[in-house]
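Let's take a friendly walk through this model, one piece at a time. Please keep the viewer open as you read.

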Amino acid sequence: MRTLPYLVYDVFTSAPLAGNQLGVVPDASGLSGAEMQAIARELNLAETIFFLPPENKDHSAKVRIFMPLGELPFAGHPTIGGAIAFAGIKQLPAGAKVILEEGIGPVHCTVWADEMGGRSSFAAARLPSEIGFHASDADIAAAVGLSTDVIGFGDHHVLMVSGGVPYVTVPVKTLDALGAAKVNADAWLKLDVRREGKFAAPYLYCPVGEMHYQVRMFAPWDGIPEDPATGSAAVAFAATLNRFQCRSDGDHLFEIVQGMEMGRRSEIGLSFTVDRGDLAGVTISGEAVKFAEGTLFLPG
């Protein structure tokens, strides 16, 4: 029998029992990809991050990120929580730079952490952009359990975007409508939503202030009926906000709240820089707190 330590962090929150749960395996050097997938399925958290020695000696670690039903090239809450866990384990100083080798490429993080949690930010390794997509508001509305008349507000309309993981951003007029949404997986997958080897999940958003949005994300086909916090979607969302709201040059800062309908409030900081109307940089920030630690007992 082999044993491995593991941790559980709540991410995009400073308080346990909120935010998005993350499994962390600090030393996965003896595991195969199939074993990592099996562990992620057994833990049954939104994602589990596995740490391996870096391929580039100037980087901090190589990581692999698994959902219960598949691997991701990049994900936001594992990046935030993983960087905080890494810095806490290594006892890195405040403001330390942590570079994680993810499937999308090296992700540069800045971390303030101790052994129980902290705060981190990361610069998107790939700037988000729009992807060609054609579906009627009626079809979108039906697939997310809403009426057509609550889809869209102002200049905002449905858009497919990706910063490494594709999403369909769906503007919803009211918080009541946002709270009533319920994805029909079969109807959604019949739309033209497969891109970059994945089904683009619906990311519903509603304004609660000029620079403040409440959002929901559903991906039952990936084993995630609803996600309480989705950092990769927040990266992609920058392309939507740049298209409809922030084309002026300079820095733009947004607060995203997610997980309210699940009783797991998550707070995600999204900032991006616009240069000559186009995105020039995207940063995601958030907190995480350690909730549990234990030992995995594996065969072999």
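Predicted model: local features only at pLDDT ≥ 70, side-chain atom pairs only at ≥ 80, totals over all residues.

Strands β7 and β8 run antiparallel to each other and pair over seven bridges, and a hairpin of two residues connects them. Strand β7 covers residues 105–114 and includes Gly105. Is Gly105 buried or exposed? Its relative accessible area is 18%, and since buried means under 20%, Gly105 counts as buried.

Now follow β8 (residues 117–123) to its other partner. Seven bridges also link β8 with β19, again in the antiparallel sense; here Ala123 has Thr283 of β19 as its bridge partner. Why is β8 largely enclosed by the rest of the structure? Five of its seven residues are buried, so the strand is largely enclosed.

Strand β19 leads us on to a helix. The buried residues of α1 pack against β19 (278–298), and also against β3 (47–52), β4 (61–67) and β5 (70–72). Helix α1 itself spans residues 33–43, and its buried residues are Met36, Gln37, Ile39 and Ala40. These four lie on the same side of α1 because they cover an arc of only 160° around the axis. There is a handy rule behind such patterns: an α-helix has 3.6 residues a turn, so residues three or four places apart point the same way. On the other side of α1, Ala34 and Glu42 are exposed. Just past the end of α1, Asn44 adopts a positive phi of about 60°.

Finally, let's turn to the interior. In soluble globular proteins, nonpolar side chains tend to be buried together. Here the largest nonpolar core holds 88 residues, and among those with the most contacts inside it are Leu146, Trp188 and Phe272. Helix α6 (residues 231–244) gives the most to this core, contributing nine residues. Taking Leu146 as an example, and setting aside neighbours within four places in sequence, its contacts include Ile151, Val172, Ala177 and Leu204. A second, separate core has 12 residues, including Val25, Ile39, Ala40 and Leu52. Two of those names bring us back to α1, where Ile39 and Ala40 are among the buried residues.

Definitions and conventions. Residues numbered from 1 in each chain as written. Heavy atoms only, no water. Buried < 20%, exposed > 50% of the residue type's maximum accessible area, 1.4 Å probe, protein only. Arc of directions from axis to C-beta. Contact = heavy atoms within 4.5 Å. Pairing = 2+ DSSP bridges. Core = buried A, V, L, I, M, F, W, Y, C linked by side-chain atoms within 4.5 Å.
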